Amino acid sequence: MLGRGALSFPTCLVLSSAILFLSQLMACSFNPCVEVIPNITYRCMDLNLSGVPAEIPPSTENLDLSFNPLVSLTSNYFSEVPELRLLDLTRCHIQTIEDYAFKDLHKLLTLILTANPLQHLGPTAFYGLASLQRLIAVEDDISSLADLPIGHLHTLQELNVANNQVDSLKLPGYFSHLSLLRFLSLKSNRISSISTGDLAALQGEKKHNLTLVLSLNDIKCIQPGSFEGILLHELSLRACFENTGLMKACIQGLAGLQVNRLVLGEFRNIGRVEDFSNGLLDGLCQVQLQEFVFISFQRFDNCTDTLFDCLVNASTIRLVDLSLDQVSAVPTASRIHHLEFNTCKFIEVPAKKLSSFKELRVLRITNSKYLTGFREKFKDLPNLEVLDLSVNRLSFIQCCDSYLKRIPKLKHLNLSFNSIISVTGGLNITELVSLDFRHSKLNDFGSFPVFHCLGKLIYLDISYTSSHIASQCTFSGLKSLQVLKMAGNSFQDNNLGNSLMNLTQLLTLDVSSCKLTQVSPSTFKSLTKLQELNISHNKLLAFDPLAYKPLQALTVLDFSSNQLTVLTEKAMESLPSCLVHLDLSYNLFDCSCNHLSFLKWAKEHGELLKSTQLMVCNNPVHMQNMSVLSFDLSSCHLSPVEWVMSVSVPFAGILFVILIYKYYFLLYYGLVLHSGCRRYTDRNDTYDAFVIHSSKDIEWVRKELAEKLEGGMPPFQLCLHYRDFIPGVPITTNIIQEGFLSSRRVIAVISNHFMESKWCSFELEIAQSWQFVDGKASLIMIVLEEVDKVLLRRKLGLSRYLRRNTYLEWRDQEISRHLFWRQLRTALLDDKT
Amino acid sequence: VKMFNSPILLLVLFYLRLSTEWPTHTVCKENNLEIYYKSCDPLQDFAFSIDQCANILTNTFNIRAAMILRHSITELFLNVNLMLNGKSVLGYSKKLCEPNGHRFLFCGKKKGEHIYYEGPVKLGIHAIPKGVFKVSVKLNNGDHLTVACAEFTITRYIQQ
């Protein structure tokens with residue numbers, strides 16, 4: 001073993017180095033680009049490629065070649081893929097782009113050149129890009145906009161040259177030709193000053209849609225007049241200023257600018273301006289702006305004392321991520337109609353101060369993790385329509401009437417994602433259209449009608465509010481309600497009951513995750529307009545067709561994650577005709593052949609059913625987790641042979657039984673004959689003779705025959721059916737067993753009665769055939785009286801027998817009687833042992 | 001000899017697989033505290049340092065991290081888990097970037113861009129108890145793709 005191990009060591013070395021080599025080779029020679037969409041989208045990221053791989057089809061529209069060492073783009077580099085719409089050349093070590101490199105890409109919309117150390121760009125490098133809309137040249141060592149040969153790209157809408165070494169905002173003349181340009185980012189460059197005339201190329205009628213991002217440039221100076229007469233959609237100047245003084249001065253340099261949105265501020269953890277000192281934003285008085293965004297500014301020692309001074313003419317103010325803990329001064333007159341405090345540090349809703357913004361239509365105070373109290377009341381906000389206090393930590397006791405009653409036009413109230421809302425104060429806000437309480441704990445709700453006055457409410461969201469709906473009239477008064485979302489709550493007896501009775505206008509209802517076990521037949525009675533119903537994540541065992549019948553307008557039904565085993569035929573029939581989306585995933589389907597009609601229906605309605613791959617069988621065990629739609633219907637169908645078998649086998653069985661019943665005697669008799677009469681004949685004969693007679697001749701048999709033969713000398717033992725047949729055994733069995741098999745001779749007493757009796761003729765027939773099988777004359781005929789000739793002729797066998805064989809006749813004369821007995825005794829004595 | 005080939009092959013493959021693991025970097029090595037980290041992102045390693053390890057115990061400390069993005073981070077989620085025997089016993093998650101309102105400098109950066117972050121971090125605990133801790137840090141973007149992944153090993157000694 002040791003020797004072997006030692007031997008294998010060099011093998012191991014060779015093998016491992018070979019594998020290493022092979023793996024390297026594989027990485028180089030095979031380029032398994034990911035085919036995201038066949039013939040359209042390919043991702044060849046980080047594959048050590050040095051060009052467009054040969055296997056990329058010419059129809060490709062989106063090609064990701066990022067992280068490959070292309071190094072240099074020569075002319076007509078992309079001639080094999082002329083259909084490209086998007087080309088990603090991120091981090092491809094591209095230093096040189098030669099003339100006409102993109103010549104064939106007439107349809108290219110987006111060119112990404114992020115993080116390439118561009119050193120040489122041919123003057124016609126971007127020729128041919130006739131449709132280019134987005135050019136991303138981030139981190140490309142670009143030192144001047146003038147170096148970019150893009151003046152001819154008239155279709156360009158977005159130019160991103162962030163993180164470069166551009167040191168001047170002097171826009172080259174070609175910008176005046178880029179009439180469609182909407183977005184220009186010069187973020188994180190080296191622009192230190194902005195001078196008059198730098199933006200001259202933007203002066204013109206068409207340029208008012210441009211967003212200019214200058215954030216993260218270390219701006220020391222903005223020459224007054226630089227922005228004079230400039231019209232922008234947005235100007236972003238975040239973290240551009242070293243200190244408060246510089247910021248104040250530079251903002252003054254914006255004088256004359258007309259802008260829809262101005263974004264000032266810094267970034268989280270990049271705070272260079274020491275303080276929001278008085279007059280910091282004074283320069284904004286010279287700027288015409290619609291929306292002002294102030295973001296991530298950490299030092300707010302004097303609150304809002306001068307914050308709004310030059311903003312009274314703006315319409316929208318968004319204050320995001322400021323360490324602002326209270327509103328101190330507010331303008332007495334302003335045109336601000338949209339005010340937002342996002343991620344600020346308020347402890348209480350500053351309702352009193354904010355009530356001074358008389359023009360306010362939208363007020364949002366959101367994402368404040370310190371905001372817990374709502375104690376002040378709003379005073380006269382005649383125009384306020386939207387009040388959004390979501391995602392705070394509010395404990396709002398006695399919501400909402402007294403706090404909000406001075407906001408007469410309030411239409412939208414959002415108190416979602418807070419701590420506790422107690423609605424004991426009543427909701428008397430008659431104009432309210434939408435109300436959102438989701439994920440806030442609702443106290444004192446569910447047992448009495450709080451929405452009574454909200455006749456105009458259209459949208460109500462009380463999802464996950466820990467509500468327990470105990471009263472039928474919880475939703476009474478909501479006569480306009482169209483959307484009710486109340487997932488994650490609970491109902492009395494886990495039954496929807498009649499709580500939704502008043503909601504006649506409802507279009508959308510979400511009662512998912514409500515622990516429901518039952519839906520009453522009358523629950524949806526008044527919801528005839530309902531279009532979307534989500535009743536998923538409950539514990540419903542059945543789909544009651546009666547309950548869902550009123551929902552004739554339903555288009556979307558989500559019944560997933562319940563405990564449904566099957567849809568009954570009635571349920572399938574009662575599904576609304578306009579249903580287009582039915583989700584039955586995550587139920588406990590029973591995929592046995594008993595439910596063939598459902599399984600068949602599911603297969604036929606693949607378009608209606610959603611998330612079908614999650615519709616799996618739970619039963620029977622061997623089919624667990626198999627898709628319901630993959631159920632093999634033919635496994636329940638019988639093959640033609642099986643069908644014929646299944647029909648014919650019982651039929652044959654029944655026929656067999658009938659035949660046995662009908663021919664029991666024949667069969668039994670045949671059996672006896674076949675299995676050897678010898679066995680039977682060998683046995684000791686119990687009787688000397690078996691008497692076949694009609695029961696109407698019983699008198700004669702008993703008085704004459706039995707008395708004479710059994711009482712005479714020697715005595716004969718007769719087998720008489722009325723005396724010797726064993727009760728409880730079929731007559732035929734008795735005839736064979738007791739009669740023929742146990743007797744040596746058979747005496748037939750022929751009379752008119754005999755010929756009329758079926759049993760007698762039957763017994764006679766057996767006796768005859770027995771005689772034939774046995775081969776000896778064991779049958780003794782006694783003709784009792786003058787037999788009716790007509791009857792005799794009819795009994796063909798008997799008349800022939802009588803004609804051919806000797807028989808005894810019973811006569812009235814004494815002498816012939818004597819003869820009769822002697823003959824009979826002789827016949828019986830024959831071979832008696 | 002053939003008998004040995006397949007185990008050897010497996011061994012070699014295993015070795016190859018192991019070799020793609022990133023090296024363990026040292027962040028702190030002081031008398032009473034050692035911190036190491038290793039990238040668990042199969043695509044790349046990253047750089048991370050703490051300005052003064054002693055400051056970790058005084059609540060706020062400065063970190064520096066640098067990496068190249070393999071995925072855009074218009075949205076970014078941070079998940080930190082304290083691991084004990086391979087299982088998470090304490091978790092913390094936070095949304096760092098939102099599509100609108102980029103509070104952090106790096107928010108909104110795209111694939112291929114370079115990230116350098118420098119800033120204070122608050123641990124929120126006043127003392128690190130004695131023992132060895134593993135902390136898993138994951139950054140995912142809005143498409144649930146891994147932006148960065150690291151496993152930190154923190155060893156705390158209590159000096160007599």
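Predicted model: local features only at pLDDT ≥ 70, side-chain atom pairs only at ≥ 80, totals over all residues.
Let me start with a definition: buried means under 20% relative accessible area, exposed means over 50%, and partly exposed is in between, with a 1.4 Å probe and protein chains only. By that scale A:Glu348, at 27% relative accessibility, counts as partly exposed.

Residues are numbered from 1 along each chain as its sequence is written, chains are lettered from A and ligands numbered from 1 in the order in which they are written, and side-chain values use heavy atoms, with hydrogens and water left out.

Now, salt bridges. I count one when a side-chain nitrogen of Lys or Arg is within 4 Å of a carboxyl oxygen of Asp or Glu. How many salt bridges are there over all chains? The search finds 27.

Back to A:Glu348: its partner is A:Arg375, with the closest N and O atoms 2.5 Å apart. The two sit in separate loops, 27 residues apart, and A:Arg375 is exposed at 58%.

Another bridge joins A:Glu234 and A:Arg261, at 2.6 Å from N to O. Here the link runs from strand E15 to strand E16 of chain A; strands are DSSP runs of at least two residues (E), helices of at least four (H or I), numbered from the N terminus. A:Glu234 is buried at 14%, whereas A:Arg261 is partly exposed at 26%.

There is also a network of salt bridges linking A:Asp218, A:Lys220, A:Glu242 and A:Arg272.

On to helix H11 of chain A. Within this helix, A:Glu699 and A:Arg702 lie three residues apart, about one turn, and they form a salt bridge at 3.8 Å.

What does H11 cross? Its axis comes within 11 Å of that of helix H18 of chain A, at roughly 65°. Those axes are lines fitted to C-alpha atoms, for helices over the stretch in contact, with angles from 0 to 180 degrees between N-to-C directions.

Last stop: A:Ser592, in the loop between strand E35 and helix H7 of chain A. Is this residue buried or exposed? A:Ser592 counts as buried, because its relative accessibility is 17%. Leaving aside neighbours within four places in sequence, A:Ser592 touches A:Leu599, A:Asn619 and A:Pro620. Thanks, everyone!

Conventions
Contact = heavy atoms within 4.5 Å.
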